[in-house]
Amino acid sequence: MQTQAAATGPDVTLDQLEKGRICRVTGFSSGCEDLVIKLREIGFAESDEVELMHRGPLGAQPLCFRLNRTLIALRSDEARAIQVDAQE
């Protein structure tokens, strides 16, 4: 079983969060503009509150997040494109 280190501090990525941690979206990685467009269409935007609710059983995927009272499932590589401030 893979252990996930607790991420804290400004500008970590969403895939690094520990279960139950609430944080705010600060931006997106500039790697793939198509993915950023998809994430924005889903509802991710700067200053939105997001919380990791669950990690899947096989390879810790998918990741389930609560975003503005909605549950959203993402793959780790998709979550890695979202930068968050986990100091809260």
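How many bridges pair E3 and strand E4 (residues 61–67), and in which sense, parallel or antiparallel? E3 and E4 pair over six bridges in the antiparallel sense. The model is predicted, so local features need pLDDT of at least 70 and side-chain atom pairs count only at pLDDT 80 or more, whereas totals for chains, interfaces and linings use all residues. Residues are numbered from 1 along each chain as its sequence is written, and side-chain values use heavy atoms, with hydrogens and water left out.

**View 1. The open sheet of six strands.** The strand order is E1-E6-E2-E3-E4-E5, with antiparallel pairing; strands (E, at least two residues) are DSSP runs numbered from the N terminus, and two of them pair if DSSP finds at least two bridges between them. Strand E1 (12–13) and strand E5 (70–74) each have a single partner strand and stand at the edges, so one side of each lacks a neighbour in the sheet.

**View 2. The pairing of E1 with strand E6 (residues 82–85).** Two bridges join E1 and E6 in the antiparallel sense, and valine 12 stands opposite valine 84 in E6.

**View 3. The hairpin of E3 and E4.** Two residues lie between the strands, and glycine 59 in the turn has a positive phi of about 70°.

**View 4. Glutamate 51 in strand E3 (residues 49–58).** Glutamate 51 counts as buried because its relative accessibility is 14%, buried meaning under 20% relative accessible area (1.4 Å probe, protein chains only). Isoleucine 22 stands opposite glutamate 51, while in E4 the bridge partner of glutamate 51 is arginine 66. Not counting residues up to four places away in sequence, glutamate 51 touches Gly20, Arg21, Ile22, Cys64, Phe65 and Arg66, where contact means heavy atoms within 4.5 Å.

Key
Helices (H or I, at least four residues) and strands (E, at least two) are DSSP runs, numbered from the N terminus. Buried means under 20% relative accessible area, exposed over 50%, partly exposed in between (1.4 Å probe, protein chains only).
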